[in-house]
Amino acid sequence: MTNEQRAEQLIKKYGFDFDNISKAEITGLIRDELDNYRHGSSEYLRALCGYLYCIGDKSDIPLLEKVKYGINMDVGCMIDIEWIDSLKMDGAEGEYIRSRKEIIDDFVKYYLNFEADDEW
């Protein structure tokens, strides 16, 4: 299965009801991906980190930073610094940070009709 297909499968499984998505499952998937990184898994990791942001636990900032800064530039570019900064500010808006609701709405909009465009 390709990485985009894994991202698509993830979205189909969890949907967008962030209050009912298991944080433990999402963090487990992220940690597994960190331990067994597959080249090109930027989209999959982006989706996972986006879910973690939308769940919204400030204690996950170090894990998001590890993904953003600890793998490679391709992955780092896919993990939005606004997610990390928003969590650091408890969702408050700032000069360069939109409201938590706006950020979550953009995440949902991006993935709402997401389909993998790569081949097996």
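Reader: In what order do the elements of the protein chain run from the N terminus on?

Author: This is a predicted model, and its secondary structure comes to seven helices and zero strands. Read from the N terminus on, the elements of the protein chain therefore follow the order α-α-α-α-α-α-α.

Reader: How does the radius of gyration of the protein chain stand against the globule rule for 120 residues?

Author: The C-alpha atoms of the protein chain fill a box of roughly 40 × 30 × 25 Å along the principal axes. For 120 residues the globule rule gives 14 Å, and the chain is close to this value, so it is as compact as a globular protein of that length, with a radius of gyration of 14 Å.

Reader: What share of the contacts in the protein chain with a separation of 6 or more comes from residues 24 or more positions apart?

Author: Of the 120 residues of the protein chain, 44% count as buried. Among contacts with a separation of 6 or more, the share that comes from residues 24 or more positions apart is 68%.

Reader: Are the rings of Trp-83 and Phe-107 stacked or edge-to-face?

Author: The structure holds eleven aromatic pairs, and in the pair of Trp-83 and Phe-107 the ring centres lie 6.2 Å apart. Planes over 60 degrees apart count as edge-to-face. The planes of Trp-83 and Phe-107 stand at 80°, so the pair is edge-to-face.

Reader: Which helices does the pair of Trp-83 and Phe-107 tie together?

Author: Both partners are buried, with Trp-83 at 2% relative accessibility and Phe-107 at 3%. They also belong to one aromatic cluster, whose members include Tyr-14, Tyr-51 and Phe-114. Trp-83 lies in residues 81-88 and Phe-107 in residues 100-111, so the pair ties together parts that are 24 residues apart in sequence, namely helices H6 and H7.

Reader: Is Gly-91 buried or exposed?

Author: Gly-91 has its place in the loop between H6 and H7. Buried means under 20% relative accessible area. Gly-91 has a relative accessibility of 18%, so this residue counts as buried.

Reader: Which residues is Gly-91 in contact with, leaving aside its neighbours within four places in sequence?

Author: Gly-91 and Ala-116 are 25 residues apart in sequence, and their C-alpha atoms are 30 Å apart in space. Once the neighbours within four places in sequence are left aside, the residues in contact with Gly-91 are Ser-86, Ser-99 and Arg-100.

Terms used:
Residues numbered from 1 in each chain as written. Predicted model: local features only at pLDDT ≥ 70, side-chain atom pairs only at ≥ 80, totals over all residues. Heavy atoms only, no water. Helix = DSSP H or I, 4+ residues; strand = E, 2+ residues; numbered from the N terminus. Rg over C-alpha atoms; globule rule 2.2 N^0.38 Å. Buried < 20%, exposed > 50% of the residue type's maximum accessible area, 1.4 Å probe, protein only. Contact = heavy atoms within 4.5 Å. Phe/Tyr/Trp six-rings, centres within 6.5 Å; stacked < 30°, edge-to-face > 60°.
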